[in-house]
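Here's a quick tour for anyone meeting this structure for the first time. Have a look at it, then read on.

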Amino acid sequence: MSLRADAPAPPGVRRFSHAERWVHRTTAALMGLCIVTAACLYVPQLAELVGRRALVVTLHEWAGLALPVPVLAGLASRAFRADLGRLNRFGPHDRLWLRAALRRDRRPGSRPAAKFNAGQKIYAAWIAGATLVMLGTGLLMWFTHLTPLEWRTSATFVHDWLALTIGVVLAGHIGMALADPEARRGLRTGSVSREWAEREHPLWRP
């Protein structure tokens, strides 16, 4: 199988627009607020330390309700829409990347990737789906007078366990980000070095 590499990235490659960085930061802040307030509601030690349960519940509900807003607002950005299209497309190089990742193969050229690698695409799809499920189950739990008890019980079960799963996945996401300063620089400033782009995303055409 032959893979066509794009032209080498120039120095100071522009990776993310201002709108994309705003979407990421705002979504991260809302997700963080959801996780912190959820922990305060479910961990007895934190609940006792924080108190004011009604306020914590209100913050949790409204942060969860607002979670899709940054993404919806970001759709006004052409760069953001273009990156959503890239995240939603899998190619032969993504399958090669996944095979190499599963084998823990770090040899040069073993993990071909365009602007986003296969792991980032899978994460983006999973977290988007999980967020929608959390929003739906949260609404069922919030508006208790609109749904039967069986629905609310099932929604609570899914909401609680999916929240725990999201926490674990986000911890992994943050851990990988901490291990890659250049990727963090791209989200902070919008630009990455040419060397990093050529090494980690050799098929990317800026």
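A residue counts as buried when its relative accessible area is under 20%. By that cut-off, both Asp 94 and Lys 121 are buried. Keep in mind that this is a predicted model.

**Salt bridges**
- Searching the whole structure turns up 6 salt bridges.
- One of them pairs the side chains of Asp 94 and Lys 121, at 2.8 Å from N to O. Asp 94 sits in helix α6 (residues 92-102) and Lys 121 in helix α7 (residues 118-142), so this pair ties together parts that are 27 residues apart in sequence.
- Asp 83 and Arg 86 meet in another, at 2.4 Å, N to O. Both belong to helix α5 (residues 78-87), 3 residues apart, or about one turn of the helix.
- Asp 83 is buried, at 3% relative accessible area, while Arg 86 is partly exposed at 32%.
- Glu 200 and Arg 199 also bridge, with 3.2 Å from N to O. Glu 200 is partly exposed at 24%, and Arg 199 is exposed at 54%.
- Shared partners link Asp 83, Arg 86 and Lys 115 into one salt-bridge network.

**Where α1 meets α9**
- The axes of helix α1 (residues 18-42) and helix α9 (residues 181-189) come within 8 Å and cross at roughly 105°, which makes the two roughly perpendicular.
- Arg 21, His 24 and Arg 25 of α1 touch Gly 186, Leu 187, Arg 188 and Thr 189 of α9.
- By class, that contact has 1 nonpolar, 3 polar and 3 charged residues.

**Around Ala 163**
- Ala 163 belongs to helix α8 (residues 149-178) and is partly exposed, at 30% relative accessibility.
- Ala 38 is 125 residues from Ala 163 in sequence, yet their C-alpha atoms are 8.5 Å apart in space.

Note on methods
Residues numbered from 1 in each chain as written. Predicted model: local features only at pLDDT ≥ 70, side-chain atom pairs only at ≥ 80, totals over all residues. Heavy atoms only, no water. Helix = DSSP H or I, 4+ residues; strand = E, 2+ residues; numbered from the N terminus. Buried < 20%, exposed > 50% of the residue type's maximum accessible area, 1.4 Å probe, protein only. Axes fitted to C-alpha atoms, helices over the stretch in contact; angles between N-to-C directions. Parallel < 35°, antiparallel > 145°, perpendicular 65-115°, else oblique. Contact = heavy atoms within 4.5 Å. Nonpolar A, V, L, I, M, F, W, Y, C, P; charged D, E, K, R; others polar. Salt bridge = Lys/Arg side-chain N within 4 Å of Asp/Glu carboxyl O.
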